[in-house]
Every structure is written in structure tokens, then in C-alpha cells.
Amino acid sequence: MTQKGPYSFYNSVENRKECCHIRKVEPLKRALTGYSIWITGIRTEHSPNRKDMKKSEFDRINNIIKIHPLLDWSNDDVWSYIKKHGIPYNILHDKGFISIGCQPCTRAVHQGEDFRAGRWWWEDASKKECGLHTVNH
Ligand code: SF4
């Protein structure tokens, strides 16, 4: 990071994955240390890589059981639940930020665009994974 500069992720997918590893994957790995179960909010809609995932799995990289209770929920399911139960949410969602990540890598999504279009918008859609939920079993 200090060699390539703080915005190296714009230059290549390799640099972007390196940045995500430094700023997300490695810190999360440290945060998970000592825990036996990790409950996530990931859903199959988020990425083509998640279509065959199971609701529970063993993550060998982090040595932890992962549970994905919302895996088969649609976007409509999530919003219905939020509205029905008055659950607080990030107000950026009301401004077109359907999927929210780090500030320099997220933009609002325009009408008709895929809901992940605002994440790493300069990249090919099939490569949009940060590595937090890389399949490793
Ligand atoms: S989302 Fe962008 S700024 Fe955040 S860790 Fe990944 S590449 Fe770096």
C-alpha cells in the first residue's frame, strides 16, 4: 500500500484485490480469531459465485463455522422485513446506493442497472468479490 499509493485499486483487478485483502480480509481475520461461529448477511443475489452456497459451511481459511440465514432472501424480502419491523438502515440506500462498500469504490446505481453496478464500477461484473466470502471448502 505504501509503495503503490492509497488509490492503486483503480489501476488493476490485482491491485484492487490486494487493497481489499489489506483493508478488509486481513483485519476481519484478526477480528474473528477466538470465535467459533460467524453469522453473515450474504445472499445468493449478491454474486454469481454464491449461487451454489449452502446456508452453513466450514470456512477453512478462518477456521470457523459460517451461517448465512438470509442466503435465499430476495432484495424485496429484505426491504419488506426492514419496513415491517422498523429496522434502522443506512440512508445511502435512499440515494441510490443499493450495495455499499468503501467510499472510493462505491457509487449510486442508476435506474435499470444491476444492483452491484455501483461497486467497483470500473471492473468486469464477474470479478466483483472482495475476498471476505471466497469459497474455500
Ligand atoms: S473496497 Fe476499495 S478501498 Fe475498500 S478495500 Fe476494497 S479496493 Fe480498497
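Helix α2, residues 75-85, is hardly covered: among its 11 residues the count of buried residues is zero. Buried here means that 20 or more other C-beta atoms lie within 10 Å of a residue's own; exposed means 12 or fewer, partly exposed is in between, and C-beta atoms are placed from the backbone. Helices are DSSP runs of H or I with at least four residues, strands are runs of E with at least two, and both are numbered from the N terminus. Gly86 follows α2 and has a positive phi, near 60 degrees.

This is a predicted model, in which local features need pLDDT of at least 70, side-chain atom pairs count only at pLDDT 80 or more, and totals for chains, interfaces and linings use all residues. Residues are numbered from 1 along each chain as its sequence is written.

Now the whole chain. It holds two helices and three strands. Along the sequence they follow the pattern α-β-β-β-α. The C-alpha trace spans about 50 × 40 × 25 Å along its principal axes. Of the 137 residues, 8% count as buried. Contacts can be sorted by sequence separation. Among those between residues at least 6 apart, 49% join residues at least 24 apart. Two residues are in contact if their C-beta atoms, placed from the backbone, lie within 7 Å.

Next comes the sheet. In what order do the three strands of the open sheet lie? The order is β1-β3-β2, and the pairing is mixed. The edge strands are β1 (37-39) and β2 (56-59), each of which pairs on one side only. Neighbouring strands are turned by 25 degrees against each other on average, direction ignored. The axes behind this angle are lines fitted to C-alpha atoms, for helices over the stretch in contact, and angles run from 0 to 180 degrees between N-to-C directions. Strands count as paired if DSSP finds at least two bridges between them.

β2 pairs with β3 (residues 64-67) in the antiparallel sense, over four bridges. Phe58 stands opposite Ile65 in β3. Asp59 has Ile64 of β3 as its bridge partner. In a regular strand the side chains alternate between the two faces of the sheet.

The hairpin of β2 and β3 has four residues between the strands. Asn63 lies in this loop. Its phi is near 55 degrees, a positive value in a residue other than glycine. Asn63 is exposed, because 12 other C-beta atoms lie within 10 Å.

Follow the loops around the sheet. Lys55 sits in the loop between β1 and β2. Is Lys55 buried or exposed? Lys55 is exposed, because 11 other C-beta atoms lie within 10 Å. Leaving aside neighbours within four places in sequence, Lys55 is in contact with Ile67, His68, Pro69 and Leu71. Lys55 and Ile67 are 12 residues apart along the chain, and their C-alpha atoms are separated by 5.7 Å.

Pro69 is one of those contacts of Lys55. Pro69 is found in the loop between β3 and α2. With 13 other C-beta atoms within 10 Å, Pro69 is partly exposed. Beyond neighbours within four places in sequence, Pro69 is in contact with Ile39 and Lys55.

Past α2, look at Trp120. Trp120 belongs to the segment after α2. Trp120 is buried, because 23 other C-beta atoms lie within 10 Å.

Last, the ligand. How many residues surround the ligand? There are 11, and the closest are Cys19, Cys20, Arg23, Cys102 and Cys105. A residue counts as near a molecule or strand if its C-beta atom, placed from the backbone, lies within 6 Å of it. The shell divides into seven nonpolar, one polar and three charged residues. Ala, Val, Leu, Ile, Met, Phe, Trp, Tyr, Cys and Pro count as nonpolar, Asp, Glu, Lys and Arg as charged, and the others, Gly among them, as polar.
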